[in-house]
Amino acid sequence: MMLTLQYDGSAFHGWQAQPDVPTVQATLDRILSRLFDRPTRCAAAGRTDRGVHATGQVATVDAPTGWSPEQLLRALNALLPDEILVSSAHEVAPDVHARFSALARAYVYRVGVAERTRSPFIGPYCWPVCAPLDRAALDGAAATVAGEHSFAAFAKAGQEERGVRCRVFSSGWRDWGELGVAYHVRADRFLHHMVRYLVGTMIEVALGKRPGADIPGLLDAHAGLVTSAPAPAGGLFLARVYYDPDELERHAAAGAEVGLPIP
């Protein structure tokens, strides 16, 4: 069965189960095991880091016969903490895997420009830079990221079995209402901290702290260039996971992006 999840990552040490700390996966697995009366472990489309949020995380789980998607959704939401919501559940073929069957993932990163993004009701869900940004510089930097590149410079760690090359289907900045801007990026895969390093470096370009030419230089692994510090985790959302090639192609052709509500 496939579940789509929303969660506030502030209270968790990321998605993946770890000993002695709260994680989203451990919380979900514990409740699934209770409902199914057997040890149960789900698989997710992506391992979000500590403090990262999700509006479209996907998990697959082998549910016992007799559980309908509607029953499982209601039961999970009755037992999960307020920080986690199962927004949908549906049957999938046994060979569908949340991670390995995914064709692409979309992330959104919010950056606050307005002073009121320091609010305790907004600040935990964005990066409240609260300074003017050069939008043309941001747009130019984002356009450079699109395509297939090595993102070794923009990753805390690579993936030995798959390397450091990623295909970015779309990359762009959009207005976040009157509060600031949001970076929308869709790719076949992402490396550890990749979006946060990209945003941290692009924001320094937009603040005039480094030249825009550093972005293509980092993608080409020019000697002597290093990324800026990664953007804070709280501004990042895993927004959507794609499994249908036709849907992915339609969205790519239309330039469609996944948005998040404005608080």
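A residue counts as buried when its relative accessible area is under 20%, as exposed when that area is over 50%, and as partly exposed in between (1.4 Å probe, protein chains only). F36, at a relative accessible area of 7%, is therefore buried. The structure here is a predicted model, so local features need pLDDT of at least 70 and side-chain atom pairs count only at pLDDT 80 or more, while totals for chains, interfaces and linings use all residues. Residues are numbered from 1 along each chain as its sequence is written, and side-chain values use heavy atoms, with hydrogens and water left out.

Aromatic rings come next. Rings of Phe, Tyr and Trp (its six-membered ring) pair up if their centres lie within 6.5 Å; planes under 30 degrees apart are called stacked, over 60 edge-to-face, and the rest tilted. That rule gives five aromatic pairs. In one of them, F36 and W67 have ring centres 5.6 Å apart and planes at 65°, so this pair is edge-to-face. It joins distant parts of the chain, with F36 in helix α1 and W67 in the loop between β3 (53-60) and α2 (69-79), 31 residues apart. Helices (H or I, at least four residues) and strands (E, at least two) are DSSP runs, numbered from the N terminus. W67 is partly exposed, with a relative accessible area of 22%.

Y107 and F190 also make an edge-to-face pair, at 4.9 Å centre to centre and 75° between the planes. Y107 sits in strand β5 (residues 104-112) and F190 in the loop between β9 (180-187) and α4, so the pair ties together parts 83 residues apart in sequence. Both Y107 and F190 are buried.

What about the nonpolar cores? A nonpolar core is a set of buried Ala, Val, Leu, Ile, Met, Phe, Trp, Tyr and Cys residues joined through side-chain atoms within 4.5 Å. The largest has 61 residues, and F151, W173 and Y183 have the most contacts inside it. Helix α4 (residues 194-206) gives the most to this core, with nine residues. A second, separate core has nine residues, including V108, W176, L179 and A239.

Finally, there is T40, found in the loop between α1 (24-36) and β2 (43-44). T40 counts as buried because its relative accessibility is 11%. Its side chain comes to 3.1 Å from the backbone oxygen of R38. Setting aside neighbours within four places in sequence, T40 is in contact (heavy atoms within 4.5 Å) with D29, L32, S33 and V61.

Definitions and conventions
Polar contact = N/O pair within 3.5 Å; in protein donor to acceptor, adjacent residues only side chain to side chain.
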